[in-house]
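Me: I would like to go through the labels attached to this model and see what each one rests on. Please set each value against its cut-off.

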Amino acid sequence: MGEEPGAHVLRLLGLEPHRLVAGFATEERLAADLRACVDLVREEAGSGDELIARSLAGVVSGGKRLRPLLALATAYATRIGAPGPDRPADRERAVRAGAAVELLHLASLVHDDVMDEADVRHGVPTANVREGNIRAVLAGDFLLARAVAVACGLGRREGALVSETFARLCDGQARESALLFDAARTEGDYYDAITGKTAALLATSCRLGALAAGAETTEALTSYGHHLGLAYQLVDDLLDLTGSEERLRKPAGHDVAMGVFTLPVLYAREEDARLAGLLDAVRPEDGGTVREVVDLVKDSSALRRTRAAVEEQTRHAVGALSGAAAGLTPAGSAMLSELVACLARRAH
């Protein structure tokens, strides 16, 4: 059923991005606020019918809690929410913001597992494996409803934002699904998909954190989260091709095998005409073709070019913070700048 929330949060504080935020806000404060986020997520996930609660057993365990971390970090970085004397009402709003985005994220994961016919998530059997697709879909829908309800507790605009964000997640996933195993997928198609399926929720995490703190610079911080999200997905797509099987918990090239041709693959296809034919032939069960595609990508300049794209999105994210300068403490701005750089370093 996964580790206890307190132990999980303590383990998270050892991760580089969490250490960075803890160094700014104090470890005690971040641990308390993350634990409160996780407790609220668990409470909301367990508030439904027994069958729904059983389907969600294990779903809320594990994970890096990156989205709550972003909501909290953004709130901390503002002049209003900066670490100082406790302000219980403001802290409660930041915690609720973090719980709302995590519930939304978990809802999307449950639905993704159904679509991907996944067996395991964070070392735990998925809801679709344990309870079947119908109950898993209902469980994901329940999490979505609770995410909106938690956000509505912050205000009407927050509830509407979470609802709109889920629509954007669906749009991004639909755009990706429409071009599975399509060797003619373009760079524009790729960015359209990841803007919705990844960047939208990270942008909303930052926006909700800013709103929770009462900051006036929400647009700039939303842009920061958007570019951070694009960089984050680009790094994930690099790691899918270059990471070890032990680290990934899946074979390298898993996205290729599933017909998701990411930016490094598209860059390599530009350089090597053989790739178009190989991509046309890719099937999930054809490990040989997948390995050949991965090798050709590694032999091209695609990895270097994709790392350059990560650096470009990182610059855009840091640049967006200049538009939020009036609402951030200097130390808070520096912390957010280092946070996006920290997440981008995974690419190397």
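Me: Why is Cys37 called buried?

Reply: The model is predicted, and every value here is computed from it. Cys37 has a relative accessible area of 2%. Buried means under 20%, so Cys37 is buried.

Me: How do you know that Cys37 is in no disulfide?

Reply: The nearest cysteine sulfur is that of Cys206, 14 Å away. A disulfide needs two cysteine sulfur atoms within 2.5 Å, so the sulfur of Cys206 is too far from that of Cys37 for a bond. The count for the model comes to 0 disulfides. Cys206 is also buried, at 0% relative accessibility.

Me: Which residues of H9 are buried?

Reply: Among them are Leu161, Val162, Phe166 and Leu169. The list also includes Glu158, Gln173 and Glu176.

Me: What makes the phi of Thr26 worth a remark?

Reply: Thr26 has a positive phi of about 85 degrees and is not a glycine. Most residues other than glycine have a negative phi. Thr26 sits in the loop between helix H2 and helix H3.

Me: Where is Arg65, and why is it called buried?

Reply: Arg65 is in the loop that runs between helix H4 (50–55) and helix H5 (66–77). Its relative accessibility is 4%, and the cut-off is under 20%, so Arg65 counts as buried. Arg65 also has a positive phi, about 55 degrees, without being a glycine.

Me: What makes Glu16 and Arg345 a salt bridge?

Reply: Their closest N and O atoms are 2.4 Å apart. The cut-off is 4 Å, so the pair qualifies as a salt bridge. Glu16 lies in helix H2 and Arg345 in the segment after helix H18 (330–344), so the pair ties together parts that are 329 residues apart in sequence. At 35% relative accessibility Glu16 is partly exposed, and Arg345 is partly exposed at 37%.

Me: How do you know that Arg345 belongs to a network of salt bridges?

Reply: Arg345 also meets Glu338, at 2.9 Å from N to O. With the bridge to Glu16, this links Glu16, Glu338 and Arg345 in a network. Glu338 is partly exposed, at 31% relative accessibility. The count for the model is 17 salt bridges.

Me: Buried or exposed: which applies to Asp272, and which to Arg274?

Reply: Asp272 has a relative accessible area of 17%, which is under 20%, so Asp272 is buried. Arg274 is at 56%; exposed means over 50%, so Arg274 counts as exposed. The two side chains meet in a salt bridge at 2.7 Å, N to O.

Methods. Residues are numbered from 1 along each chain as its sequence is written. This is a predicted model: local features need pLDDT of at least 70, side-chain atom pairs count only at pLDDT 80 or more; totals for chains, interfaces and linings use all residues. Side-chain values use heavy atoms; hydrogens and water are left out. Buried means under 20% relative accessible area, exposed over 50%, partly exposed in between (1.4 Å probe, protein chains only). Helices (H or I, at least four residues) and strands (E, at least two) are DSSP runs, numbered from the N terminus.
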